[in-house]
Amino acid sequence: MILIATTTLAIRKNGLGKEEVTADAYPAALKRARRKAFLSSIVSTAIFHLLGAILSLREQGFLTSLVDKHRLIQTAIFFVFFTAMILFAVKRNLKIISNDD
């Protein structure tokens, strides 16, 4: 549920919401949206990793927590699922409209 809420927030924040494009402009719009979604997921994953390191300060030091093997694996798994969800949502939000000449 946290992943879905984070995905929705990232999509709205980065302007990846519903967009209507013509059939000719669809490939370019999809490529641009994918690039923005991927960069957004990188930033969100970095924030997720830093927050995890900050929240574990009582258990271990900050630098130790940043390079902790378990935390890095957790961050990698979060990145894979988060990126997939954002890319799916971005593709779903692109609508093709007809050219009315």
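## Exercises on a predicted model

S56 touches S65 and R71, leaving aside residues up to four places away in sequence.

**Exercise 1.** Determine where S56 lies and whether S56 is buried or exposed.

*Solution.* 
1. Locate the residue: S56 is placed in the loop between α2 and α3 (62–66).
2. Read the relative accessibility of S56, which is 4%.
3. Apply the cut-off: buried means under 20% relative accessible area. S56 therefore counts as buried.

**Exercise 2.** Describe the position, burial and contacts of T75.

*Solution.* 
1. T75 belongs to helix α4.
2. The relative accessible area of T75 is 11%, so this residue is buried.
3. Setting aside residues up to four places away in sequence, T75 touches T45, F48 and H49.

**Exercise 3.** State how many aromatic pairs there are, and classify the pair of F38 and F79.

*Solution.* 
1. The count comes to three aromatic pairs.
2. For F38 and F79, the distance is 5.9 Å centre to centre, with 70 degrees between the planes.
3. Ring centres must lie within 6.5 Å to pair, and planes over 60 degrees apart count as edge-to-face. The pair of F38 and F79 is therefore edge-to-face.
4. Consider accessibility: F38 is partly exposed at 38% relative accessibility, and F79 is partly exposed with a relative accessible area of 23%.

**Exercise 4.** Classify the ring pair of F78 and F82, and state whether each residue is buried or exposed.

*Solution.* 
1. The ring centres of F78 and F82 are 5.3 Å apart, and their planes stand at 15 degrees.
2. Planes under 30 degrees apart count as stacked, so the pair of F78 and F82 is stacked.
3. Both F78 and F82 lie in helix α4, separated by four residues, which is about one turn of the helix.
4. F78 has a relative accessible area of 13% and is buried. F82 has a relative accessible area of 0% and is likewise buried.

Key
Residues numbered from 1 in each chain as written. Predicted model: local features only at pLDDT ≥ 70, side-chain atom pairs only at ≥ 80, totals over all residues. Heavy atoms only, no water. Phe/Tyr/Trp six-rings, centres within 6.5 Å; stacked < 30°, edge-to-face > 60°. Buried < 20%, exposed > 50% of the residue type's maximum accessible area, 1.4 Å probe, protein only. Helix = DSSP H or I, 4+ residues; strand = E, 2+ residues; numbered from the N terminus. Contact = heavy atoms within 4.5 Å.
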